Structures are given as structure tokens and as C-alpha cells.
Amino acid sequence: MNAPTALKDLLPAAEQGRELAHESARLHVTGEATYTDDIPELRGTLYAALVLSPVAHCELIGEGIDREALLRQHGVVAVYTAKDIPGENNCGPIIHDDPFLADGKVEFLGQPVAVVVAREMLYAREAAQKAKVLVKELTAILTIEEAMAAQSFIMPAKGITRGAPAESIAAAPHRIKGTTECGQQEQFYLEGQITYAVPREDDQLTLYVSTQHPDGNQREAAAALNLTTNDVEVICRRMGGGFGGKEGNASIFSQSAALAAFKLKKPVKLRVNRDDDMMITGKRHNFRIDYEAGFDDQGRILGVDVTLMSRCGYSTDYSGPVNDRAVLHIDNCYYLPNLKIVSHRCKTNTQSATAFRGFGGPQGMFGIETVIDEIARKLGKDPLEVRRANLYQDPSVSGDPATMTTPYNQLIEDFVADKVMDQVEAESGYRTRRKAIAAFNATSKYRKRGLALVPLKFGISFTATMLNQGGALVNIFMDGSVSVNHGGTEMGQGLNTKMAQVAADGLGIPISLVRVTGTDSQKVPNASATSASSGADINGGAIMNACHQLRERLAPVAARRLVCEASAVRFEGGFAVAGASGEKLAWADLCKQAWLDRVGLSVTGFYMTPFIQYDFATLQGKAFYYYCYGASVTEVEIDTRTGEWWLKAVDVVHDVGRSINPAIDMGQIEGAYVQGMGWLTMEECIWDRKGKLLTHGPSTYKIPVAGDVPEHFKVSLFDSQNIRPTPFRSKATGEPPLMLALSSFFALRDAVSASAGHKAKVDLVAPATPERILLACERAKAALA
């Protein structure tokens, strides 16, 4: 199947677009929701912990540990290293260059070297903590600058050139040149990494994993143990958050637990504490961005040259597609007629940077929005004017087809960023507030306010074309109840709630009859990770396909009972209804009759995203199925004497298409903004010169809390529908709203600029911590002296 049936052709159902509560909401608030650590443990369960490297780069002496000394520790029953792995030692999701246990060499401080198994979790952790790792230390490369100087890369550079950027910059009336940075970010999911590995008969294994990618955990565990994939089952009922951090990184822990359980023929639980979790797992890629741009008197960019440099860590992980997506989002909402962009993927002796909500898109957008802001400051214009001057433009207005074509040669067919910006500008009272802020700043000596309106355009699809597919299993029982299983994973984002609504709509029944069951790799095989904001699209498409097949099977059964043609039967409101007469047959009676008539009531559905024609080697083609749009206005206030700042107000308009569940979408938008604001303003990963992460727990790593959210936080859903036939014509809401928070950073830049009367260059990078804000104010004021 390709695209699902369009909304206008769907049979009507009452569940469409309803603000239904999250399917686990009651279980969450009562504490009854079962997470991996809550699963009742089997008798004889053992507990594992990981021995971590104390240095960033070294050769292991021997196998790196004193095995006998570890086995003498209280309660320890087994110790495993790389040499005990019967199959492939790899947790790299794309390139197999990432051992889950260090083998001969250590590449970052915190890399797992051994698995310690004990009778109690405390014993395992104590033994792992006491273990001495035997190493011969080597020189480590830790920063982007060091990697660039050493030409240390995990893969070759990639880029795009469009037009004649060098000539256009040289001939432009105005030019700017600069460098900026955006930092790493810890996923900080509430539920840490955990696996409960249970051996079964005949060398089979069941792994209960907190994971975004059960299929990956299944395949990698099977490869490590020299099993076939069907010998390993991975189950995930729900996660306590993921944000990309459990897409590939979960395999480090699932394979370690699987190895111990397989060897010992005993159930083994591996649950890492927060400190070890943060020391082992990858973060969002931090970027250095160098830029040069030429522009006219209106601020229109005539040519721009951008160099992206990201710290990828020691292995490839997802750095290829993350950096590709950063390149593909350098345009954001803007037509760049002459562009050169080069992306360097730096190899360092740090944790392998990994997936994080936005997957490179935020970093690319941060780059071009910095350029836009700098242009506006140089010309003395409101940055909103410059943003509007550079927007993609309808060819019927511009007379040039290129003005609605991206640098990667994809025609944009659904552009509404200008309309979204119009709406948020009006709803927020942007112009009035801009004047009020100018008046406040003119009379306030030490407190300054800033305001910014920033749009977003985010492409939806996996850039790896083969991943754009989904599967589902839909079972109807004789009493009319329905169970749905799909390849996506629930991590609090409400995917299962939306999928229940899609199934209810597809069968024309109340949602109370539908139960979505835990993700299980033996029920829906070969599933893509729940990432790239694709969960509702591809799994919803598969469920729609399955429901279509079931309607086709049930229609003749209903027709015989209703004495009408099968083509005249429609399903709605919990009944099969005869078209002309309107006579009804209750859903439960229909299901029982179908069973009596020996009609199959179990169906697998499949969906593949159409339209994608993208060459990842050249970064050219139709990379995305559609785009999501949004815009936000943020107002901030800073204290120029301390760098402290306050988020005063947020206004958002976001395009979710025809929402399946507006309540869930609103929650995703609000949460994404706050998480993005954390990345850009307060979440800072600090390393020492030995490569040790110093901010590895909540006492040293600051994330936003309820007190950071302003009283004025207004979200409106843009009235539109997807041009593509997704479920209900909805659009993805997982990742795109995170980029709404760009306005928080640029509002802070505006406030810092105000501290020097908007007459000095602002030197501020992300995260814009109070220390950085204070120093930026001091530099701006010093420039006027």
C-alpha cells in the first residue's frame, strides 16, 4: 500500500479530531502504569552493572580488568568482557563501528568495559564502582577545534552549492562574517536506560527494554549471541521519555543484559543510575557554525557561505543523517539563491553524539537565524522585517520557479510560513509590544527586555528512504473488542492514543472498544524506530490499511444480515448500516456473525511513504513527504548586572494539519518549546580537560522546571490540513515544535543588544546561560566605550 485513503473518502467516525485523554493518563497519575522496572521479577533474577573506563582514550591492558578480583567481590556471580561475546560486538545502528563493550581500546571516558552480575543490584554496582580498569593512556581529541586541527572525522564532509555564492557575496552592498555555537543537550528522560533479559527455552530470549527501536535491539542482540532474529523477542509497553536517547543507545544496555542472561541462563536486570546513564550515553550534537553573507539594503540574502562543524564523538552512530538534516534545514523558511554549505563531522574521544528531538534540524535553523539576526542588527532593522524579506515566495508572484525550491532541489508545495507568521504577529500584538519594550528599555537602567518572532519549516520523513514504512496487526474478537499492535513505541507522546483513534475511525466503532497493546517485535517485525516524527504517519497508515481490509471482509457478512449489497454497507457509530434503508446491525453482533461464517478477523496492515526520491550521497531530491510550519513570539527580561533572565511571555501558532487529537498536540507543542528553550538557554554540558563530563546529574545539569514557564503561554493551532493523505490529514508534532524555542534565544540577543542601545554587535552563543548573558552585555557596552 502507498498513501492511505484520503480523509474525504474515510467512512465517518465520531473519534476523529477529539480531545481524548492520553490512554494511560489514569495509570500515570495513580502509579499503576507498568514500566520496565515495574515488571514482576522472576525467581532467580540477577542484577548487572557496567564497569566504565576512567580515561578518554587508551589501550586496554589484557581485557582491561582483573576478573578474579571482581569475582571475589561480595555477591558477584559473573563478569563478562568483549572476549565473552560469542557473536558481533556492536551497537552502532548504521555503521558497525561501536562496540557495546570496549575491545582492546577505549575511546571515551565512561565507555563500558565489562558487565558485572551479582545477586543484588547494590552488590553489582558496588563491585563495578570498585573495579580498577587497566589501561595505557593515549592522547585524546576532545573538542571541535582539536578535531578540525587534527583532521579527525568520522566520515567525509558533505555539502551543497547552489548558484554563485562567492561572487554574490563579493558583489553585495553589505557583508557580514562571523562564528556562532550551539551546545549539547542531555535527553534527560525521567525513566533511565533499563533492560530486563529473560532466557526462554531452546536458547531464546525475551528482552523487556525501554527503547524507541525494538527491532534494532532484537537484531543486535541476536547478532551478538549468534542467534537468528526470531530467537529474540523485544517488548516495550511504554517508556518514561526517550527524545532520541533510546533510539540507538538502548542497545548498549539491552545487549549487555542479554549477554549475561544468555550465558547464565538466568533472568538479568540492568538498570543504570542517572550518573552512569549520562556518562555512557550520547547527547545532542553541539555545532560550531562559521558564516559569511552578502545582502542588500532590505536585508535580502544575496549569497551565503556556511561551514557546519559538529562534535560527533568516537563512532558514527546517527551522525551521518543528523548532520545531513542540519544541512537540509539551513534554509529554514528562506529562499537562499546563492548558497555554499559544507558539513564536517568531527571525531572526538567523547560519547558518540546521537539522536535528539529535531535530529540536526534545530542546529541548521540556529545557523541561518543567527545570520538573519546579524543582518538586521547591521542594518538597524527589526529582525522580523529581514525574516519576511527572505521568505520563500510563490513563483506566480516572484516570476521565478526557484523561489519555492529548496537548496536540495525539492519544490515546496505546502508553504504557509507567511500565513502562520501573520497569525502569530496579530495574536501576540507584536508591533504594540515592540513599542512598549522600546519604551521600557529607554527608562530602565539595569533591566532590559527583548522580543523575537521566529518561524520554522521542518521536513517530515526519514532521510533514509527504506525506513519510511510501518506495520500493524489488528485483531477483532467475537465480542466486538479490538486489539491493535503496531511498530511504534509509546514514550509519553500519545502515539497509542492517536493510533486507537485511527483504528476506531477506520472501523466505525467507539474508541472504548479499542486497546493498543505493547510494542512486540514478534507481532510486528522489521519496524522502524519511533523517531523522525514519523510515528503517527507510518503506523497510522498501516492501521488504516488493516482496517480497510477488515471492512472489506465484514461488509459481505453485514450485507447478508441487512439484505443489501456489500457496497452499500457503511460502518459508523458502532453499527453496520445499510445504505438505502438505514437498517443497522450492532458491531458486536456483526463480529460474532463473522466468526460463525468463518471470516478471518485478524489482519496485518502495511504502509510505505510514497513520493520520497532522495539521494543521500549528493543531498539532492525529494527528501521530505511534507513540511510542518510554526512561528513563535517570545518576550524576555534580563538583569544586565547579573545575567539573570526571565521568560515573560510566549505566543505560538503551529501547523499540525487536521489534528487527530488537539489536546495531545497542544501538549507536544508546549513541551517541545520548553525543551528547546532549555537547550538554548540553560542546559550546559561541561567537560574537564581529561574528557570527563562534569554535569552528569540533576545537581549539576539544569533542565527547565515548572517555574521557568511563564503565566502567559498561548498556543494556537493553525487552521489547515495536510496536502498529503496522512491519517485524518494530520501533521507530525513530535519534533517540529522544538524549533519554536529559537525565539527565546533571539529574544535574549535582542535584550543584550538593548543593553548597549542597539549600537554594538552582540556576542552570545547557546546555551545563553546567565554567565554568558552577563559577559555579552559587558562586551557590548565595552564596544561603545
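I took contact to mean heavy atoms within 4.5 Å. I worked on a predicted model, in which local features need pLDDT of at least 70 and side-chain atom pairs count only at pLDDT 80 or more, while totals for chains, interfaces and linings use all residues. Residues are numbered from 1 along each chain as its sequence is written, and side-chain values use heavy atoms, with hydrogens and water left out.

**Thr-403**

Thr-403 sits in the loop between α12 (395–398) and α13 (417–428); helices (H or I, at least four residues) and strands (E, at least two) are DSSP runs, numbered from the N terminus. I noted Thr-403 as buried because its relative accessible area is 7%, where buried means under 20%, exposed over 50% and partly exposed in between, with a 1.4 Å probe and protein chains only. The side chain of Thr-403 reaches the backbone oxygen of Asp-400 at 2.8 Å, which I list as a polar contact, a pair of N or O atoms within 3.5 Å; within protein, one must be able to donate a hydrogen and the other to accept it, and residues adjacent in sequence count only if both atoms are side-chain atoms.

**Asn-475**

I placed Asn-475 in strand β17 (residues 469–476), and at 18% relative accessibility it counts as buried. Its side chain and that of Ser-602 are joined by a polar contact of 2.5 Å. Apart from neighbours within four places in sequence, the residues in contact with Asn-475 are Ser-481, Val-482, Ser-483, Leu-601 and Ser-602.

**Met-491**

I found Met-491 in the loop between β18 (482–486) and α15 (495–507), buried at a relative accessible area of 16%. Beyond residues up to four places away in sequence, Met-491 touches several residues, among them Gln-212, Met-239, Phe-243 and Thr-530.

**Cysteines**

How many disulfides does a search of the whole structure find? I got zero, a disulfide being a pair of cysteine sulfur atoms within 2.5 Å. For Cys-346, the closest cysteine sulfur is in Cys-312 at 6.6 Å, so the two are too far apart for a bond. Cys-346 is buried at 0% relative accessibility, and Cys-777 is buried with a relative accessible area of 0%.

**Helix α10**

I checked the length of helix α10 (residues 361–379): its 19 residues should span 27 Å at 1.5 Å a residue, and its end C-alpha atoms are 27 Å apart, which agrees. The expected span is 1.5 Å times one less than the number of residues. In α10, 16 of the 19 residues are buried, and the helix is followed by Gly-380, whose phi is positive, near 70°.

**The four-stranded sheet**

I traced an open sheet of four strands with mixed pairing, in the order β16-β27-β28-β29; two strands pair if DSSP finds at least two bridges between them. β16 (447–460) and β29 (712–717) are the edge strands, each pairing on one side only. Strand β28 (residues 645–654) runs parallel to β29 and is joined to it by six bridges, and Val-652 has Val-715 in β29 as its bridge partner. Helix α19 (residues 742–755) packs on the sheet, where it touches β16, β27 (626–639) and β28, and its direction makes about 150° with that of β16. For such angles, axes are lines fitted to C-alpha atoms, for helices over the stretch in contact, and angles run from 0 to 180 degrees between N-to-C directions.
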